[in-house]
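Please read them with the model open beside the text.

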Amino acid sequence: MTFRSFMDLALTEARAAAARGEVPVGAVIVDRAGQVVAQAGNRTRELHDPTAHAEVLAIRAACAQIGSERLVGHDLYVTLEPCAMCAAALASARIARLYYGASDPKSGGVAQGARVFAHAQCHHVPEVYDGIDAAAAEVLLKAFFAQKREGN
Ligand SMILES: [Zn+2]
């Protein structure tokens, strides 16, 4: 099977999040057959929920969709390096492969910070591919935070 990236769809979710006034991060979960089972963007402000990151919302939706607390064989695409909370959720969900875009020096928990997958206490480690369409994700994030600084 040839590789097809779903990062374009994750970026669409990130743009939609920005339009809602949320930090522009989007996530997509794909099953073994290459079918999208869930897609989500950040909704922390809308839901008054600090855990409503794109990855968590996508995991919840995908698990509800397939009726399982595990997403064995599923891949997750996200526009920004997951934070420690999301990385732990990905491990618990048994996500097979993680594809992410921009790295996140401020809150990232995969390649820096908590490095969740590097610990012995992490019982499942997905394959990790970083830098997928990173420039596009960075442009969105920079524009969003620049606008916030201007007070809009
Ligand atoms: Zn997160």
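1. Cys-86 has a relative accessibility of 0%, so this residue counts as buried. The model is a predicted one, and the points that follow should be read with that in mind.

2. Cys-86 is one of the protein donors of the zinc ion, through its SG atom. Along the sequence, the donor residues follow the spacing H-x29-C-x2-C. His-53 sits in the loop between helix H2 (44-47) and helix H3 (54-66), while Cys-86 belongs to helix H4; the pair therefore ties together parts that are 33 residues apart in sequence.

3. Cys-86, at 0%, is buried.

4. Helix H4 (residues 84-92) also has a place in the chain path between two strands. Strand S3 (residues 75-80) pairs with strand S4 in the parallel sense, over five bridges. From S3 the chain passes through H4 to S4, and this β-α-β crossover is right-handed. Within the pairing, Leu-80 stands opposite Ala-102 of S4.

5. Strand S4 covers residues 97-102. It is also joined to strand S5 (residues 127-129) by three bridges, and S4 and S5 run parallel. Here Arg-97 stands opposite Glu-127 of S5. Why is S4 largely enclosed by the rest of the structure? Five of its six residues are buried, so the strand is largely enclosed.

6. Leu-80 comes up again at the largest pocket, where it is among the lining residues nearest the centre. Which helix gives the most to the lining? Helix H5 (residues 134-149) does, with four residues. Sorted by class, the lining has ten nonpolar, five polar and seven charged residues.

7. Glu-55 lies in helix H3. Its relative accessible area is 3%, so Glu-55 is buried. Glu-55 and Glu-138 are 83 residues apart in sequence, and their C-alpha atoms are 17 Å apart in space.

8. Two residues deserve a look for their backbone angles. Most residues other than glycine have a negative phi. His-48 has a phi near 50 degrees, a positive value in a residue other than glycine. It lies in the loop between H2 and H3, and with a relative accessible area of 73% His-48 is exposed. Arg-115 likewise has a positive phi, near 45 degrees, and is a residue other than glycine. Arg-115 is found in the loop between S4 and S5; at 41% relative accessibility, Arg-115 counts as partly exposed.

Key
Residues are numbered from 1 along each chain as its sequence is written. This is a predicted model: local features need pLDDT of at least 70, side-chain atom pairs count only at pLDDT 80 or more; totals for chains, interfaces and linings use all residues. Side-chain values use heavy atoms; hydrogens and water are left out. Buried means under 20% relative accessible area, exposed over 50%, partly exposed in between (1.4 Å probe, protein chains only). Two strands pair if DSSP finds at least two bridges between them. A crossover is right-handed if, with the strands pointing away from the viewer, the path from the first strand over the helix to the second runs clockwise. Donors are N, O and S atoms within 2.8 Å of the metal (3.2 Å for Na, K and Ca); water is not among the atoms, so sites may look incomplete. On a 1 Å grid over the protein atoms alone, a cavity is a set of points where a 1.4 Å probe fits but cannot get out, and a pocket is an open set with protein on both sides within 12 Å along at least five of seven lines; lining residues have an atom within 4 Å of a point. Ala, Val, Leu, Ile, Met, Phe, Trp, Tyr, Cys and Pro count as nonpolar, Asp, Glu, Lys and Arg as charged, and the others, Gly among them, as polar.
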